[in-house]
Amino acid sequence: MAAAVNTPTPEIGTTKIDDGEYDQKCIFCKIVKGEMGTELLHNDETISCFRDIHPGAPHHYLVVPNKHVGNCKSLRKEHVPLVEKMVEMGKEILQKNNVTDLNDVRFGFHWPPFSSVTHLHLHVLAPVSQMGFMSRLVYRLNSYWFITAEQLLQKLDSMS
């Protein structure tokens, strides 16, 4: 029964498959399951990574949990290890793609209701210095619609 504590409440349309949550209407669930033909740059038992279909920077990747997890606003303190693993995977993908200046990167999440897909996804963008005007707006620091991974982890850590 302890495993159920860490499992988010299923959303409408969620179906159990392979002992994990899978939302048949979620594009990211379909990508992780290989149903969309999207190239997975990384796929393990917990998380997957692929390129953003509308890149906001020369390197723009999405890191997602393989199980359907709601948006970042639905997370709890027990999700800290998942978010940390997502960030580490983002760093690894950047390094594999010869991005060495980790001071010119952005890791973050769109804060609901400014999220187009309700499956938790980390945006990994680099180099930030080469982002265009619209991307700088969409992935803006200290805005109502975008929160860095570091800010999210601080929020989660402060929960009781």
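Arg 51 and Glu 39 form a salt bridge, with their closest N and O atoms 3.0 Å apart; the term denotes a side-chain nitrogen of Lys or Arg within 4 Å of a carboxyl oxygen of Asp or Glu. This pair links distant parts of the chain, 12 residues apart: Arg 51 belongs to strand β4 (residues 47-51), and Glu 39 to the loop between α2 (27-32) and β3 (42-43). Helices (H or I, at least four residues) and strands (E, at least two) are DSSP runs, numbered from the N terminus. The model is predicted: local features need pLDDT of at least 70 and side-chain atom pairs pLDDT 80 or more, while totals for chains, interfaces and linings use all residues. Residues are numbered from 1 along each chain as its sequence is written, and side-chain values use heavy atoms, without hydrogens and water.

The count comes to 5 salt bridges, including those tabulated here.

| Salt bridge | N to O distance |
|---|---|
| Arg 51 and Glu 39 | 3.0 Å |
| Asp 44 and Lys 85 | 3.4 Å |
| Lys 91 and Glu 88 | 3.6 Å |

Asp 44 lies in the loop between β3 and β4 and Lys 85 in helix α3 (residues 80-96), so their pairing ties together parts 41 residues apart in sequence. Lys 91 and Glu 88, 3 residues apart in helix α3, are separated by about one helical turn. Salt bridges with shared partners join Asp 44, Glu 45 and Lys 85 into one network.

Glu 39 is exposed at 52% relative accessible area, whereas Arg 51 is partly exposed at 42%. Buried means under 20%, exposed over 50% and partly exposed in between (1.4 Å probe, protein chains only).
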